[in-house]
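Take a look at the structure below. Then work through the questions and answers that follow.

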Amino acid sequence: MSTLNSVNVDPAEIEKFSALASKWWDPTSEFKPLHAINPLRLSWILEHTGPLAGKKVLDVGCGGGILTEAMATHNADVTGIDLAEKSLKVARLHSLESGVPVNYQMISAEAHAAEAAGQYDVVTCMEMLEHVPDPASIIQACSTLVRPGGWVFFSTLNRNPKSFLFAIVGAEYVLKLLPAGTHSYSSFIKPHELARSAREAGLSNMDLRGLEYNPLSQHYWLSRNTSVNYLLATRKEA
C-alpha cells in the first residue's frame, strides 16, 4: 500500500482534496462542475470503448468516485485508486449506499502498475495530471496497467493565457465554480506535451476533444476547442 512518502505525490494536493472530501457527492458543492461534466466524460469514453459490461476498468485518481461509480453502473468490473484516504472513505460509503460495487484501493498508479500490469481493458485518469509532480510517470503507469489494445483516457488543462484567465481567474475567483487555489498554472499541460508523453509510454493518440463552458447558461459541452480543458483518448499498441 502506498503512502504520502511516495515519490510522485504532492502532500499539499492530497490535503486540499481531503479537506473537501465530505462534499464529493453534493452536486451543489465545490464539486458541482464534476457532477455536471460526468455524463459528457462517460459518453465520450463509451464512444471509444463500446459497452463496458464485463470489462475490467481502472480509474486513477478516483477521488470520491463520481466517474468510477458511473462506469460501474455499466456492469464493468471497476477499481478506483487514490492516495487521499478521506476521499476514498467517502467513495466506499457512497458505493455501499448506492449498491454499485467498486473496488477502492489506497495505492499510487506506479505501485499498482508494478503489481497489476496489463490487467485492465480501460484506464481513466481524469483531472489528475495537473495535480502531481511528475505527470509522465502517471502516464507510463497507466500504459503499463492497460492490456495491449486497451484504452487509456486522460483529461487536464491546457497551459496558455486563456486557460489561466478561464480556469483560474474565472472559475476560481470570479464565478467561484472551484475553491481558490485548486489549480496551479505552472502544472497545466499543453496537448502536444500530453500527446508526446503518451507516445513515449507506448500509447497511440486516437482522439482529442475540448471541454467548454457557458457561464450564462451554465452549460458544458465537448468540442474541438482545446484551449482550456481537454480530453485525450489513447490506445495501447497491440
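Q: Is the crossing of helix 6 and helix 8 left-handed or right-handed?
A: Helices are DSSP runs (H or I, at least four residues), and strands are E runs of at least two, numbered from the N terminus. A crossing is left-handed if the near helix is turned anticlockwise from the far one by less than a right angle, and right-handed if clockwise. For helix 6 and helix 8 the crossing is right-handed.

This is a predicted model: local features need pLDDT of at least 70, side-chain atom pairs count only at pLDDT 80 or more, and totals for chains, interfaces and linings use all residues. Residues are numbered from 1 along each chain as its sequence is written, and side-chain values use heavy atoms, with hydrogens and water left out.

Q: At roughly what angle do the axes of helix 6 and helix 8 cross?
A: Axes are lines fitted to C-alpha atoms, for helices over the stretch in contact, and angles run from 0 to 180 degrees between N-to-C directions. Helix 6 spans residues 135–145 and helix 8 spans residues 191–200. Their axes come within 9 Å and cross at roughly 45°.

Q: Which residues of helix 8 make the contact with helix 6?
A: Contact means heavy atoms within 4.5 Å. Helix 6 brings Ala 136, Ile 139 and Gln 140. Helix 8 brings Leu 194, Ser 197, Ala 198 and Glu 200.

Q: Is Glu 200 buried or exposed?
A: Buried means under 20% relative accessible area, exposed over 50%, and partly exposed in between (1.4 Å probe, protein chains only). Glu 200 lies in helix 8. Its relative accessibility is 62%, so Glu 200 is exposed.

Q: How many disulfides does a search of the whole structure find?
A: A disulfide is a pair of cysteine sulfur atoms within 2.5 Å. The sulfur of Cys 62 is 11 Å from the closest cysteine sulfur, in Cys 125, so that is too far for a bond. Cys 125 is in no disulfide either, as the nearest cysteine sulfur, that of Cys 142, is 4.6 Å away. The number of disulfides found is 0.

Q: What is the relative accessible area of Cys 125?
A: Cys 62 is buried, at 6%. Cys 125 is buried too, with a relative accessible area of 0%.

Q: Which residues does Leu 20 touch, not counting residues up to four places away in sequence?
A: Leu 20 is in the loop between helix 1 (11–18) and helix 2 (32–49). Leu 20 is buried, with a relative accessible area of 15%. The residues it touches are Glu 30, Phe 31 and Pro 179.
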